[in-house]
Amino acid sequence: HKRDALHEKIKKAEGTMREQLIAQHKQLTKQLFRTPAKACTDKRLKYVRYADDFLIAVNGTREECEAIKAKLTDFVRDTLKMELSQEKTLITHSNTPARFLGFDVRVRRDASVKRSGKRKMRTMNNKVELNIPLKDKVETYLLSHSIAKRDGKRLIPIHRPILLNRTDLEIVMIYNAELRGLCNYYAIASNFNKLVYFGYLMEYSCLKTLANKHRSRIAKVRYEYRDGTGAWGVPYETKKGKRRMMFAKYSDCKGKDLTEKVPDLAYRYSHNTTSFEERLKAKVCEVCGCTDSDSYEIHHVNKVKNLKGKADWEKVMLAKRRKTIVVCHKCHMRIHHGTKTE
């Protein structure tokens, strides 16, 4: 009310008096923005649970939190017949991030003012904030999956030897699935844009893997798979014609449904097994893709480099860079008789 009264006086005042009133108005405005918008004496409690992980937010004192924790310990022990881990059940101030379901949860203290229509408001103050624990989660993921390695204080992308026997389409699909999985999960985080470097490491690790597989260079691989718009992707054939599996972007994972139909070719080469026994148990012909054959056999060649890539089975071997493939009995007979596989 004082500010409103001063505002009316400022309209009528002139000269030095007007300047003094404006200074008083500014001082009251600063004081107003330092005043909490809500009373700090009301006691509130919020409970969030997922499986066996839970988070309790308390608007109160630490002593009250200790009492709640003691009651919770008794309830879990006496009613649920379980023990509550005292080491993992922590009491922290809302300023300090608490780890919950892979997020760092905290209450933001931000007194910055933003204009909303004709009013100025503290839009971000006392709001719950979810952040990505970049070092504990993202960096650990990159290092444990051999996508990047540490070079001093920064991470640099590296190729993944475990994927060298996969087709180019499989390699891109694996990287896309990993990138989208992590980015989709953290899409609601306040610091989602920090994943820009994660996207860079994933893309160039994929390019390095493809370049290492073909004994080429990153620039050459990117040029070969360019689409004319600055992006790149691996082409593949479908019943409706030629398609392209584009490399995913981290920024496309925020606020969009990225559910994508996996191409038929991916189903054909989707198993992760490497040994003969496991590949035979999969019961999938790596040439025609059939899964209902009476028997499956291993076809072997002496050297992959001697293949000309004319027959379908030769194309599969060249794409996988393997001297062995699992085939159904019909395809195996066609291979040895030199007839075209279906």
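The structure is a predicted model, and its protein chain has 11 helices and 13 strands. Of the 342 residues in the protein chain, buried residues make up 32%. Among contacts between residues at least 6 apart in sequence, 51% join residues that are at least 24 apart.

**Packing of helices H4 and H6**

- Helix H4, which covers residues 134-144, and helix H6, which covers residues 196-213, have axes that come within 11 Å and cross at roughly 10 degrees.
- Because angles under 35 degrees count as roughly parallel, H4 and H6 are roughly parallel to each other.
- On the H4 side the contact is made by Val138, Tyr141 and Leu142, and on the H6 side by Phe198, Leu201 and Met202.
- The residues of this contact between H4 and H6 divide into 6 nonpolar, no polar and no charged.

**The nonpolar cores**

- The largest nonpolar core has 41 residues, and those with the most contacts inside it are Leu142, Leu179, Leu195 and Phe198.
- At least two residues of this core are supplied by each of strand S4 (103-108), H4, helix H5 (168-185), H6 and strand S10 (233-238), and the largest share, 8 residues, comes from H5.
- Domain 2 (44-131) and domain 3 (135-271) both give residues to this core, so the core lies between them.
- Another core, of 16 residues, lies apart from this one, and among its residues are Tyr296, Val301, Leu307 and Ile325.
- Leu179, one of the residues with the most contacts inside the largest core, touches Phe198, Gly199, Met202, Phe247, Ala248, Lys249, Tyr250 and Cys253, when residues up to four places away in sequence are not counted.

- Leu101 is not a glycine, yet it has a positive phi of about 55 degrees; the residue is placed in the loop between strand S3 (98-100) and S4.
- With a relative accessibility of 31%, Leu101 counts as partly exposed.
- Arg215 is likewise not a glycine and has a positive phi of about 50 degrees; its position is in the loop between H6 and helix H7 (218-224).
- With a relative accessibility of 68%, Arg215 counts as exposed, since the exposed class begins over 50%.

**Surroundings of Val221**

- Val221 has its place in helix H7 and is buried, with a relative accessible area of 3%.
- Val221 and Ala211 are 10 residues apart along the chain, and their C-alpha atoms are separated by 6.2 Å.
- Leaving aside neighbours within four places in sequence, Val221 is in contact with Leu207, Leu210, Ala211 and Ser216.

- The C-alpha atoms of Ile68 and Ile56, which are 12 residues apart along the chain, are separated by 9.5 Å.
- Ile68 touches Leu45 and Val58, when residues up to four places away in sequence are not counted.

Definitions and conventions. Residues numbered from 1 in each chain as written. Predicted model: local features only at pLDDT ≥ 70, side-chain atom pairs only at ≥ 80, totals over all residues. Heavy atoms only, no water. Axes fitted to C-alpha atoms, helices over the stretch in contact; angles between N-to-C directions. Helix = DSSP H or I, 4+ residues; strand = E, 2+ residues; numbered from the N terminus. Parallel < 35°, antiparallel > 145°, perpendicular 65-115°, else oblique. Contact = heavy atoms within 4.5 Å. Nonpolar A, V, L, I, M, F, W, Y, C, P; charged D, E, K, R; others polar. Core = buried A, V, L, I, M, F, W, Y, C linked by side-chain atoms within 4.5 Å. Buried < 20%, exposed > 50% of the residue type's maximum accessible area, 1.4 Å probe, protein only. Domains from an automatic or database assignment.
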